Amino acid sequence: MGIVVENVNKQFGDFLALDNINLEIRTGSLVALLGPSGSGKSTLLRLIAGLEKPDHGKIFLTGKDATDQDVRDRNIGFVFQHYALFKHMTVRKNIAFGLEIRKESKEKIAARVEELLELIQLKGLGNRYPSQLSGGQRQRVALARALAVEPSVLLLDEPFGALDAKVRKELRAWLRRLHDEVHVTSVFVTHDQEEAMEVSDEIVVMNKGRIEQIGTPAQVYDNPATPFVMSFIGPVNVLPASRDRVSEFHQIHKHSASEDVYIRPRDILIETEASANSISARITRLIHLGWEIQAELVLGDGQVLTAHLTRERFDELNLQPQQYVHIQPRDAKSFALDYSI
């Protein structure tokens with residue numbers, strides 16, 4: 001394994017940042033640590049890097065116990081959200097920095113820098129300064145600098161967080177292509193679900209210092225292990241559990257009244273005519289999202305739902321605000337609640 005985290009705990013004062021974390025990351029894989037602020041993902045990344053020490057547990061890098069190893073001896077490349085480039089150095093000198101610290105030969109440094117400039121698609125810009133580059137270009141330079149020393153592990157802490165949406169999307173695709181070329185074991189922290197789904201081989205979903213689920217993007221989206229994962233990975237409608245009544249949705253999918261029902265917007269089918277098991281709803285708003293339409297709906301009991309349908313289906317149905325339609329859940333999941341407390 002490239003990285004193994006074994007029974008790791010980390011506490012800051014009264015705050016338990018990591019609670020008995022166990023994680024294995026395959027050599028050469030690209031793994032996302034995904035979760036909200038305060039979930040422990042950045043703390044875990046800093047422990048892997050050696051910037052923090054665990055209170056309990058061990059960390060292994062490429063098969064060796066690195067728990068007490070100094071950060072300088074771990075052969076790790078680190079990329080931060082805000083680039084951290086040296087403003088007074090050219091692009092070429094920024095990329096070469098780590099190699100010069102290691103006192104590599106001038107010939108080797110020059111060859112490696114040129115190789116990386118081509119890899120990050122900035123060939124010909126080596127003599128520019130960071131201030132002369134766009135945000136996306138500066139982040140690519142930061143990645144090249146981290147890769148220059150040929151690290152065994154590459155760690156990225158919300159690397160695209162400071163960029164606008166269009167550049168972020170472009171760099172996500174570029175990072176995936178880059179990883180497929182260099183195959184360095186990589187871990188990146190993000191709170192952006194779409195980013196994690198698009199880039200990573202595996203996603204580690206974290207919440208309140210614990211790992212909720214580990215799996216491929218398809219696994220965590222289609223088969224969420226917990227209500228938190230279901231709610232955090234992609235949009236979802238939640239029909240709350242009730243001890244007093246069983247809603248039509250609960251009845252249709254045979255969920256008990258003590259279970260929340262979770263339905264993805266894409267799994268709500270809309271028809272203009274009633275059918276078996278369909279439920280009446282009123283459209284309160286239609287939002288055009290480009291390739292799909294979002295319909296905001298309200299049921300007879302006041303429950304609000306969101307449904308997504310393709311533009312073709314929307315045009316076929318000719319839907320209008322305030323129109324009454326009939327909806328049916330194509331798929332739903334439930335997570336039992338304990339009312340004994």
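Author: Let's start with a term: a polar contact is a pair of N or O atoms within 3.5 Å; within protein, one must be able to donate a hydrogen and the other to accept it, and residues adjacent in sequence count only if both atoms are side-chain atoms. This is a predicted model, so to speak a computed one, where local features need pLDDT of at least 70 and side-chain atom pairs count only at pLDDT 80 or more, while totals for chains, interfaces and linings use all residues. Residues are numbered from 1 along each chain as its sequence is written, and side-chain values use heavy atoms, with hydrogens and water left out.

Now to S200, which sits in the loop between α6 (193-199) and β9 (202-207); helices (H or I, at least four residues) and strands (E, at least two) are DSSP runs, numbered from the N terminus. S200 is buried, at 8% relative accessible area, where buried means under 20% (1.4 Å probe, protein chains only) and exposed over 50%, with partly exposed in between.

What does its side chain reach? On one side there's the backbone oxygen of A196, at 2.5 Å from the side chain of S200. There's also the backbone oxygen of E202, which lies 3.3 Å from a polar side-chain atom of S200.

Then come the partners from elsewhere in the sequence. Once you set aside neighbours within four places, S200 is in contact (heavy atoms within 4.5 Å) with L30, V31, A32, R176, F188 and P217.
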